[in-house]
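Hi there,

Here is the structure I promised to pass on. Please have a look at it first, and then read my notes below.

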Amino acid sequence: MDRITYISSSISGLSNADIEEIAAVSQRNNARSNLTGVLFHFKGLFYQILEGEPEALYQCLDRIKNDPRHTGLFVVKVEKGVLHRLYGDWGMKTIALERSKDPVVAPLRNLLDLVTRTYRTMEHYVPHEVLSGLQQGENPLDWELARQEKVVLFADIVGFSTLVEKMDLVELQALLNTFFSIASKAIKNTNGRISKLLGDGFMAYFPMEDCQQALASAVAIILELKSLREHSSSAFGRLVYCGIGISAGDLVEGNIGSSDKKDFTLLGDVVNSAARLQSHTRKKGFPILFDHRFRNCLNEQTKWSIKSLGTYQPKGKTQRLKIFTLEHPHLIFEVPPTKISQKLKIL
Ligand SMILES: Cc1cc2nc3c(=O)[nH]c(=O)nc-3n(C[C@H](O)[C@H](O)[C@H](O)COP(=O)(O)O)c2cc1C
């Protein structure tokens, strides 16, 4: 048997009658599928533990995940191969903690509140792979490095040091948040993932088969920034540009760090090349640069017009990269990148 524990937030306006209806359906269905457990509800949160044979359990979880009466379902724990039911005698019980007068319930409520807040916070800081490992009951600290093939994309704001020097820091924070919101939406929409934020930039990755999508996300970021510049009421906002470097191929993914501080990250020549290409965008004067390894992933029918820019020898590398960009009237630096910092300096 398996046991899963999840938390979720009920949509606003869910009435007691709605919760009673969920409880009734759950009891009926779960008795039929031999699932047992408990469903707590309080302060707009659900906290459910469900146990039973895997097939019935995961089918039920899929139904629950698609239920529009709650959002943000987060599996906190998966226990596989459990031998005994914890809630065998209960069947499927629903407990509305708000309504309980039992003094034992108050600390339980606080504990659930704390667990929920901790997980909701962790979702924003902890890499996705680490969280999903924890959710599957694994210990990410035990993971070995894994060889993978991926598309890696680096992006970074042009002239950021000058922005830090010149801008009010609260305004700068707002500008960075806007940049990261644009980027994270574009990456999410194209099946990618942001691996980490790096001050004024980030590293993202995509499955190799989604290389067209990776390019689409780079284009979306550049076009969204163009629109941001056009609509910005601030002189700094009108000079926000970023450079994007993309490469693809073998890398390793895993824990790197000391015994007390670890990073779950990507490592390899592909990662370095993407980072170097990103900085090289300033010199070449095109906001998107990619190498031949990424070029080879894109099939010939790519809808973009690709322009070869010769070769580039990144610092510290022995091999030259063949580099490319996209030919498109809007995928340009309207101000030459070398002039952006100069312009920012005199604001
Ligand atoms: C927080 C929450 C917990 C739920 N728990 C269960 C459950 O344990 N078992 C179940 O069958 N349905 C549960 N549901 C309801 C399912 O999402 C779904 O509506 C139901 O299984 C459909 O059953 P039906 O096909 O018999 O109408 C839950 C819904 C919510 C919002």
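In which sense do strand E9 (residues 242–257) and E11 pair, and over how many bridges? The two strands run parallel, and three bridges join them. Strands here are DSSP runs of type E with at least two residues, helices are runs of H or I with at least four, and both are numbered from the N terminus. Two strands count as paired if DSSP finds at least two bridges between them.

Before I go on, a word on the source: this is a predicted model, in which local features need pLDDT of at least 70 and side-chain atom pairs count only at pLDDT 80 or more, while totals for chains, interfaces and linings use all residues. Residues are numbered from 1 along each chain as its sequence is written, and side-chain values use heavy atoms, with hydrogens and water left out.

Back to E11, then. Buried means under 20% relative accessible area, exposed means over 50%, and partly exposed is in between (1.4 Å probe, protein chains only).

Next, the pockets. A pocket is an open set of points on a 1 Å grid over the protein atoms alone, where a 1.4 Å probe fits, with protein on both sides within 12 Å along at least five of seven lines; lining residues have an atom within 4 Å of a point. A volume is the space filled by probe spheres set on the points, which are joined across faces, edges and corners.

The largest pocket has a volume of about 1,400 Å³. Its lining has 38 residues, and Glu-123, His-124, Val-126, His-128 and Ile-194 lie nearest the centre. By type, the lining divides into 17 nonpolar, 11 polar and 10 charged residues. (Nonpolar covers Ala, Val, Leu, Ile, Met, Phe, Trp, Tyr, Cys and Pro; charged covers Asp, Glu, Lys and Arg; the others, Gly among them, are polar.) Domain 1 (2–140) and domain 2 (144–345) each give at least three residues to this lining; the domain bounds come from an automatic or database domain assignment. Elements that each supply at least two lining residues include helix H3 (105–125) and helix H6 (169–189).

The second largest pocket holds about 290 Å³ of space. Among its 15 lining residues, Ile-22, Ser-26, Ile-64, Asp-67 and Arg-69 lie nearest the centre. H1 gives the largest share of this lining, five residues, and the lining splits into seven nonpolar, five polar and three charged.

The structure holds zero disulfides (pairs of cysteine sulfur atoms within 2.5 Å). The sulfur of Cys-297 is 4.6 Å from the closest cysteine sulfur, in Cys-211, so it is too far for a bond. Cys-297 is partly exposed at 25% relative accessibility, and Cys-60 is buried at 5%.

Finally, two loop residues. Glu-144, in the loop between H4 and E6, is exposed, with a relative accessible area of 67%. Asp-210, in the loop between E8 and helix H7 (211–231), is buried at 14%.

Best wishes
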